[in-house]
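Me: I am new to reading protein models. Can you walk me through this one, feature by feature?

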Amino acid sequence: MILTVALGAGSVLIMVGKPVLLRLGLQKCAAARSSAFGFACKVTASTLFCLAGISAAAQQERLRFRAAGMLLAFCCALVGDILLAMGPLLHSEEYKTFLYLLGGGPFLLSQLCYTATFLSLARLRLWLLPVILMLPLLVGILWGAKALRMKAEGIAVLVYAGALSAMVMAAVNLALDGGMLGRLVLPAALLFAASDTALFLANLGAPKVKAWLERQFTVCVMLPYYLAQALFAATLMYL
């Protein structure tokens, strides 16, 4: 348990500590300012939450199907993180957009794995099904209000938003059963949804929204995302 918590906490601290280190004086270091430094931080942090999940799963006598589903979700997220982190390394906006869309694929698979795992742990309450429409409706409203500036990628974002809402719905459904598992899963799912919604706005939002989120990127996107993954890793101790 201690190793799982330490790895999960390390994942969060790396991303939170990066801007802190820059403010403490590393801003004069060319390597720290570079996109490569940010890439290394993100890949390391994502690798740590995968290792946290593996550490938690290793405490079981055998790898259960549900634990395997969570580990697969972590691996998909790691691949997605690597693809998204490669964008700033490139100087072509065309390639950045391509990697952004390509990176969404592994994250979509990750959300489906989380959803399937959570639904296998609790009987589905049918009255929760409308929750699946929550984020697609929000994205549609923001798109219609031009707060989100999307073109061809709009459909992909709507599909991913639906998968993310399904994951939240499954987490709420599990949390209603009570227990430590539900208490870990629900805040993790909500943090993940908040992070991805902020990421949509940071990448595709109106200029003023994008500018504000660029200044608050660590707090609004990175911190909730890595907290969510650390909490998800901890759930493997209770599967």
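Me: Let me start with one residue. Is Ser11 buried or exposed?

Reply: First, a caution: this is a predicted model. Buried means under 20% relative accessible area. Ser11 has a relative accessible area of 0%, so Ser11 is buried. Ser11 is found in helix α1.

Me: Which residues is Ser11 in contact with, leaving aside its neighbours within four places in sequence?

Reply: Ser11 is in contact with Ala45, Leu48, Phe49 and Tyr226. Take Tyr226 next. Its relative accessible area is 0%, so Tyr226 is buried too.

Me: How do I read two rings side by side?

Reply: Look at the centres and the planes. Planes over 60 degrees apart count as edge-to-face. The rings of Tyr225 and Tyr226 have their centres 4.8 Å apart. Their planes stand at 75°, so this pair is edge-to-face. Tyr225 counts as buried, at 4% relative accessibility.

Me: How many aromatic pairs are there by this rule?

Reply: The count comes to 13 aromatic pairs. Tyr225 and Tyr226 also belong to one aromatic cluster.

Me: Now the core. What is the general idea?

Reply: In soluble globular proteins, nonpolar side chains tend to be buried together. Here, the largest nonpolar core has 60 residues. Phe74, Tyr114, Phe118, Phe192 and Phe232 have the most contacts inside it.

Me: Which elements give two or more residues to this core?

Reply: They are α1 (2-23), α3 (35-57), α4 (65-86), α5 (93-119), α6 (134-144), α7 (153-175), α8 (179-204) and α10 (217-235). Helix α8 gives the most, with twelve residues.

Me: What does Phe232 touch, not counting residues up to four places away in sequence?

Reply: Phe232 touches Met70, Phe74, Tyr114, Phe118, Met167, Val185, Ala188, Ala189 and Phe192.

Me: Let us step back. What does the secondary structure of the protein come to?

Reply: It comes to ten helices and zero strands. Along the sequence, the pattern reads α-α-α-α-α-α-α-α-α-α.

Technical notes: Residues are numbered from 1 along each chain as its sequence is written. This is a predicted model: local features need pLDDT of at least 70, side-chain atom pairs count only at pLDDT 80 or more; totals for chains, interfaces and linings use all residues. Side-chain values use heavy atoms; hydrogens and water are left out. A nonpolar core is a set of buried Ala, Val, Leu, Ile, Met, Phe, Trp, Tyr and Cys residues joined through side-chain atoms within 4.5 Å. Buried means under 20% relative accessible area, exposed over 50%, partly exposed in between (1.4 Å probe, protein chains only). Helices (H or I, at least four residues) and strands (E, at least two) are DSSP runs, numbered from the N terminus. Contact means heavy atoms within 4.5 Å. Rings of Phe, Tyr and Trp (its six-membered ring) pair if their centres lie within 6.5 Å; planes under 30 degrees apart count as stacked, over 60 as edge-to-face and the rest as tilted.
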